[in-house]
Amino acid sequence: MSPRARTALIAGNWKMHTTQATARDLARAVADIAAAPGVADAVDVLVAPPFTALAAVADVARGTPVRVAAQDMHWADTGAFTGEVSPVMVAELATHVILGHSERRHGFGETDGDVNRKAHAALAHGLVPIVCVGETLAERDAGKTDAVVARQVDAALEGAAPDEAGRAVVAYEPVWAIGTGRACDPAEAGRVMRLIRQRVAAAFGAPAADAVRLVYGGSVTPDNAAAYFADPDIDGALVGGASLKADAFGAIIRAAAVAPGAPAPAGARKEQPT
Ligand code: PGA
């Protein structure tokens with residue numbers, strides 16, 4: 001079995017859940033799971049708390065394998081934008097930022113142009129953008145899935161340098177699968193991932209397409225996670241509801257660690273000193 005081309009990424013999107021205290025507890029539990037033998041070297045683990053808990057979670061995560069993401073941000077460094085948070089502020093506490101989540105696009109009117117400005121701002125501040133794309137049910141039923149996803153991917157990364165595109169993460173999250181318990185068929189998710197990788201290859205070249213991590217999101221659970229990670233083009237998951245319970249999130253992380261093609265546990269690697 002050849003090793004995975006890219007390290008798996010399992011990200012928990014806590015949305016508008018947790019207080020500072022419950023966020024700290026959850027982050028501690030996730031850190032223990034992420035540091036476990038066989039997990040730490042196979043899976044990158046990321047949590048995205050609400051802004052009010054970012055500092056608390058960043059404190060807990062320091063010195064652990066857990067990375068911290070913001071759930072959104074503005075593109076400007078500073079300014080008169082009441083209620084917004086800037087990339088400078090986010091970069092003090094986080095390494096990643098989720099951009100263009102469907103709840104932002106469809107609940108708060110975020111456009112492809114907004115997502116592009118935010119992606120550029122993230123990259124300029126050394127943050128990894130996790131760009132969310134995905135079709136609504138009406139778009140899927142109308143046969144527009146591929147066109148919508150291609151448009152969103154192209155628009156989000158437009159103007160980026162190839163190495164920047166390669167550093168990004170794209171989350172394919174069909175809107176109808178988010179929080180509904182109606183997860184996308186893994187074979188269909190894999191098909192869309194290959195479409196996304198082709199778009200990145202066409203715009204930025206093969207090295208960027210090989211490097212960019214593509215994760216699936218939408219009702220991922222411990223029961224269905226392994227089916228996604230078996231696909232070599234699905235590099236992990238963006239998990240909402242199941243990321244709020246350490247046990248469930250831990251089971252998803254472990255499924256990625258043992259997925260076909262994941263690196264062998266350190267002790268079993270030939271090149272590893274004994
Ligand atoms: P879900 O959310 O896992 O609760 O469906 C996924 C997401 O919104 O990122």
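In the predicted model, a polar side-chain atom of Lys-15 lies 2.7 Å from an oxygen atom of the ligand. His-101 also takes part: an N or O atom in its side chain is 2.6 Å from a ligand oxygen atom. Gly-240 contributes through its backbone. There, an N or O atom lies 2.8 Å from an oxygen atom of the ligand. Of the 280 Å² of accessible area that the ligand has on its own, the protein covers 95%.

The ligand sits in the second largest pocket. Around the ligand are 13 residues. Those that come nearest are Lys-15, His-101, Glu-173, Gly-179 and Ser-219. Sorted by class, the shell holds seven polar residues, four nonpolar residues and two charged residues.

The overall fold was then described. The chain has eight strands and twelve helices. Its C-alpha trace spans about 55 × 40 × 35 Å along the principal axes. The chain has 274 residues, and a compact globule of that length would have a radius of gyration near 19 Å. The value for the chain is 18 Å, so the chain agrees with a compact globule.

Conventions: Residues numbered from 1 in each chain as written. Predicted model: local features only at pLDDT ≥ 70, side-chain atom pairs only at ≥ 80, totals over all residues. Heavy atoms only, no water. Near = heavy atom within 4 Å. Polar contact = N/O pair within 3.5 Å; in protein donor to acceptor, adjacent residues only side chain to side chain. Areas by Shrake-Rupley, 256 points an atom, 1.4 Å probe, with all protein chains shown as cover. 1 Å grid on protein atoms, 1.4 Å probe; cavity = no way out; pocket = protein on both sides within 12 Å on 5 of 7 lines; lining within 4 Å. Sits in = over half its atoms within 2 Å of the grid points. Nonpolar A, V, L, I, M, F, W, Y, C, P; charged D, E, K, R; others polar. Helix = DSSP H or I, 4+ residues; strand = E, 2+ residues; numbered from the N terminus. Rg over C-alpha atoms; globule rule 2.2 N^0.38 Å.
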